[in-house]
Amino acid sequence: MLIKKDEDIKGSEITDKKTYLNRRSFIRGAILTGTVAATGTLYRTLTASSREASSRRKKARSSEVESVTGGQGAPSGQAATPSEYSVTDPQTPYEDITHYNNFYEFSTDKGAVADKASGFVAKPWTVSVEGLVAKPRVFDIDDLIKLSPAEERIYRLRCVEGWSMIIPWSGFSLSHLLDQVQPLSNAAFVQFETLYDPQRMPGQRRSVLEWPYVEGLRLDEALHPLAMLASGLYGEALPPQDGAPIRLVVPWKYGFKSIKSIVKIRLVDKQPATTWNIDAPNEYGFYSNVNPEVDHPRWSQATERRIGEFGRRKTLMFNGYGDQVASLYSGMDLRANF
Ligand SMILES: Nc1nc2c(c(=O)[nH]1)N[C@H]1C(S)=C(S)[C@@H](COP(=O)(O)O)O[C@H]1N2
Ligand SMILES: [Mo]
């Protein structure tokens, strides 16, 4: 049967089989058209996007200069200082980054997320930082974004499904926010929560996942300078489909750890529940570090498809960030703690 072809499932579904079949019977008629639409979008962007992308890039570069002086007081994380953490791989075109998305709150079809999310207004917006902290605080998004100067960081993003992109985010290390609230000595983990609002996020009207989407990090992972709060992309405010107005980016872990549209950050003493682990604990662990040696139960993680490239490339341990992050896991069995 066409829709069960290995290639189709591998490239388009992170969901486990149970949910997949469930959902398929729920929207039986729609899934084939969805697959075709997604593929069409991808091919179109591969051929038509390079000109637009390079003009975006130029624009991104010129806004580095403007944003240092504060710009127009725009609420976005305009790209600013280039970062020492950037990789030099060629950047994925803006069109692909914004039209090939996983954001189940809007759609399970990567090619449809941008359209479904286009009316999403990420304002007003607050982020509550709470739990085991000395100074809990509800931040207005405009204040949060100004906590630390925006840096442009070009990071690899490796989805657990086996594709990857190179994305120029703007924002700053999550540690700057955590410093503000002063974690208590018994805080050991950080839990993150996405907005729950089925009116504005129509995908939440279906139980494809347990809502709201939640994620978590160990506190030392969260304090690692590579763990980033991003509010911009290519020097512009984050578009809804990429997690407006603010999202986490943890480049050494599979993409689903990089939770979008965050409204709550909670410091806790025990390892928190995480959405994909709740959904399929045998497939998605709490750590979810990119690891080419530990396969997903249903596919290999040894290689990946870089969006915009043909063929596959080797997946790197910790997504290529091993020099920076491997010490966080010294002495741990990364097969048991997948
Ligand atoms: N709230 C929320 N965050 C999410 C997701 C989601 O469905 N909901 N998908 C994750 C997955 S699987 C990936 S690969 C990345 C994709 O980010 P991008 O669309 O900006 O490339 O977002 C992650 N964050
Ligand atoms: Mo993903």
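How many aromatic pairs does the count come to? The count comes to 13. Rings of Phe, Tyr and Trp (its six-membered ring) pair if their centres lie within 6.5 Å. Planes under 30 degrees apart count as stacked, over 60 as edge-to-face and the rest as tilted.

The model is predicted: local features need pLDDT of at least 70, side-chain atom pairs count only at pLDDT 80 or more, and totals for chains, interfaces and linings use all residues. Residues are numbered from 1 along each chain as its sequence is written, chains are lettered from A and ligands numbered from 1 in the order in which they are written, and side-chain values use heavy atoms, with hydrogens and water left out.

**View 1. The F103 and F106 rings.** Their centres lie 4.9 Å apart, with planes at 85°, so this pair is edge-to-face. F103 and F106 are both buried (buried means under 20% relative accessible area, exposed over 50%, partly exposed in between; 1.4 Å probe, protein chains only).

**View 2. The F318 and Y329 rings.** Here the planes meet at 15° and the centres are 5.5 Å apart, so the pair is stacked. The pair links distant parts of the chain, eleven residues apart. F318 is in the loop between β13 (313-314) and α11 (322-325), and Y329 is in the segment after α11. Helices (H or I, at least four residues) and strands (E, at least two) are DSSP runs, numbered from the N terminus. F318 is buried at a relative accessible area of 5%; Y329 is buried at 3%. F318 is not a glycine, yet its phi is positive, about 50°. Ring pairs join F318 and Y329 with F189, F286 and Y287 in a cluster.

**View 3. Charges over rings.** A charge sits over a ring if NZ of Lys or CZ of Arg is within 6 Å of the ring centre and within 35 degrees of the ring normal. K110 places its charged end over the ring of Y100, 5.6 Å from the centre.

**View 4. Cis peptide bonds.** The bond from K123 to P124 is cis, with omega near -5°. P124 lies in the loop between α6 (113-117) and β2 (126-131). The bond from W211 to P212 is also cis, with omega near -5°. P212 is in the loop between β6 (189-194) and β7 (214-218).

**View 5. The backbone at S261.** S261 has phi near 45°, a positive value in a residue other than glycine. S261 is in the loop between β10 (247-249) and β11 (262-268). Its relative accessibility is 0%, so S261 counts as buried.
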